[in-house]
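Reader: Could we go through this model together? I would like to begin with the ligand and then turn to a helix.

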Amino acid sequence: MPPKILFVYPSSFFISPLMPVEEIKSPLLGLASFVSRRYDVEYTDFEILYGRPDSAIKVRRFERKVAEHLSNADFEILAISCWTSVSYLATMSVAKVARQIKPEALIVVGGYHPTALPFDFVTEEKLFDYIVQGEGEYGMLDIAAKYADGLRPEKSKIYKSPPLRSDDIIDYDWSLVDNLINTNFSGRVGTFNLFLSRGCPFRCSFCMEPLKPSAWRVLAPELAIEQIRNAIEHYSPAAVGVGDACFGVQSGWRKEFISRLVELNPSCWILFETRPDYIDEDDIRKLSRLKIEIQFGVESCSPQILQLMNKTKHPEKFLSAFLETSRALSENGIVHGGNIIFNHPGETKATLNETYSFIDTQLDRGQSYLIWTCHGYMHFPGSEIYQKQRRYEKEFGAKFPGKWWYEETDPFVSSRQVVPSSELVGDETELWRKMYREREQKFKDGLTDIAFRIAAQSYYPGWSKDRRYQELVNFEPEP
Ligand code: B12
Ligand code: SF4
């Protein structure tokens, strides 16, 4: 008998309630949709259904609800997504409950954390039958077929799933989430993030994408547009985000995609993230006809840190390409973000000054559509930095948190407990925030009205108290 498979997003524990909830976990929905072509599949999300417990008592309550849910569910295979390390505790908790409720069920886990640290899931009581590394599509089909043939591993098995071929990237099976969305979000999704490609040719030090296959595999432009159209028709979201690790690597693909997107003329916002060298003036002119927001992982404006990050071999060229692109976007009225990661291991007072001086020069030029978004470095397993911690400790005097994902603390706080260098210790680890606060008014004043409004809504919630925001809140922007 072919097995019934329940795909589960387990939630995350001890996170601040202020963190937004992603309505649809599209990596898992995509995987479940793929498997649903062959097997009877259900999809559920315990974060949406039972919340994100942030105390031991709430965790027990959460586990009781999960136990009740699983005892009423009909499945032979439970496929849990430990997508990021932030979900590690929740994953272990759901697997533990499932083993008690349905000891005979096959339990599979996959996602970024199992890809980076598979042995984190090998436990004495064998909570997991399979620990899947990489993209899960072919692996899940194989595991289900083996189960149907009566095969199951005696010990927890680490399974390397091969990368998905581009002709196998399929559209979402909306029927898997309709109920969840109708019941919990009145049938309307805020932002739906979808993926049009797989793989990234770069190897940035802080990112764990390089652990996955680097070959860039993409949907044909007409199929990519079809996915966007279907998402809009299905849930009329306020925005569709293209979550690709690296959007638009091949210029031929990108140009055709953009022309077709302009033809589609979606009524909602379209969001994507790319590199400054992956978009040109012609693309920008075309995109200016739409409601569009583009993010750039600038990461730092210090050439030395950019090189350390492995972001580029030619940091000066990279930064001037960003300025050129940003200028063209502002001239065409397109809101865009420059994301900065402060406190990357190796950061010093001098490199902080370099980044802020660069930003200051831009802010002094008057209003633009460029929103600078600033974050502290988060230390995630799987990244090159994680693998080469010793080098950063020796060379720069950096210090790293231990295995924070085991701890019952807010992962967004504990993963940031990093000393970037012997120059930025103690209170000085917060220097970048202090420098940010000193120029916060300049950051606000540097934005056009629409960019200011978007910044307040999406990136700086504190700005919504600003009088300017109150005045703008009823103003509906036109592309
Ligand atoms: C898009 C994206 C997002 C979107 C997600 C949109 C959505 N609808 O879910 C947003 C912006 C919301 C987001 C948020 C966060 N993200 Co993010 N994100 C990405 C990004 C850019 C692309 C991921 C991608 O390519 N997916 C494509 C899909 C098809 O592939 P996939 O996600 O790998 O899924 C496959 C496998 O993981 C596997 N799989 C997944 N689940 C399961 C389950 C089973 C049973 C099996 C068998 C397989 C399996 O199969 C899937 C299909 O092939 C990556 C990489 C990067 N460059 O930054 C980071 C990345 C995944 N994010 C990361 C992090 C840390 C976060 C945040 C914690 C915040 C932050 N600082 O970025 C939050 C956490 C959100 C959460 N709920 O936990 C890290 C994870 C590192 C780690 N060790 O955990 C990454 C790798 C970036 C990095 N720093 O290295 N993110
Ligand atoms: S940060 Fe972006 S460009 Fe760099 S390796 Fe990760 S996905 Fe690729």
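Reader: How do the residues of the shell around ligand 1 divide into nonpolar, polar and charged?
Author: The shell holds 21 nonpolar, 16 polar and five charged residues. Here Ala, Val, Leu, Ile, Met, Phe, Trp, Tyr, Cys and Pro count as nonpolar, Asp, Glu, Lys and Arg as charged, and the others, Gly among them, as polar. The model is predicted: local features need pLDDT of at least 70 and side-chain atom pairs pLDDT 80 or more, while totals for chains, interfaces and linings use all residues. Residues are numbered from 1 along each chain as its sequence is written, with chains lettered from A and ligands numbered from 1 in the order written.

Reader: Which residues are closest to ligand 1?
Author: Pro27, Gly110, Glu135, Gly136 and Gly243 are the closest of the 42 that surround ligand 1; a residue counts if its C-beta atom, placed from the backbone, lies within 6 Å.

Reader: And where does ligand 1 lie relative to the domains?
Author: Ligand 1 lies between domain 1 (4-166) and domain 2 (172-472), because both give residues to its shell. The bounds come from an automatic or database domain assignment.

Reader: Changing topic, which residues of α12 are buried?
Author: They are Phe318, Phe322, Thr325, Ser326, Leu329 and Ser330. Buried means 20 or more other C-beta atoms within 10 Å of the residue's own, exposed 12 or fewer, and partly exposed in between, with C-beta atoms placed from the backbone. Helices (H or I, at least four residues) and strands (E, at least two) are DSSP runs, numbered from the N terminus.

Reader: What does the face turned away from the buried side carry?
Author: That face of α12 carries the exposed residues Glu316 and Ser320.

Reader: And what follows α12?
Author: Glycine 333 follows α12, and its phi is positive, near 70°.
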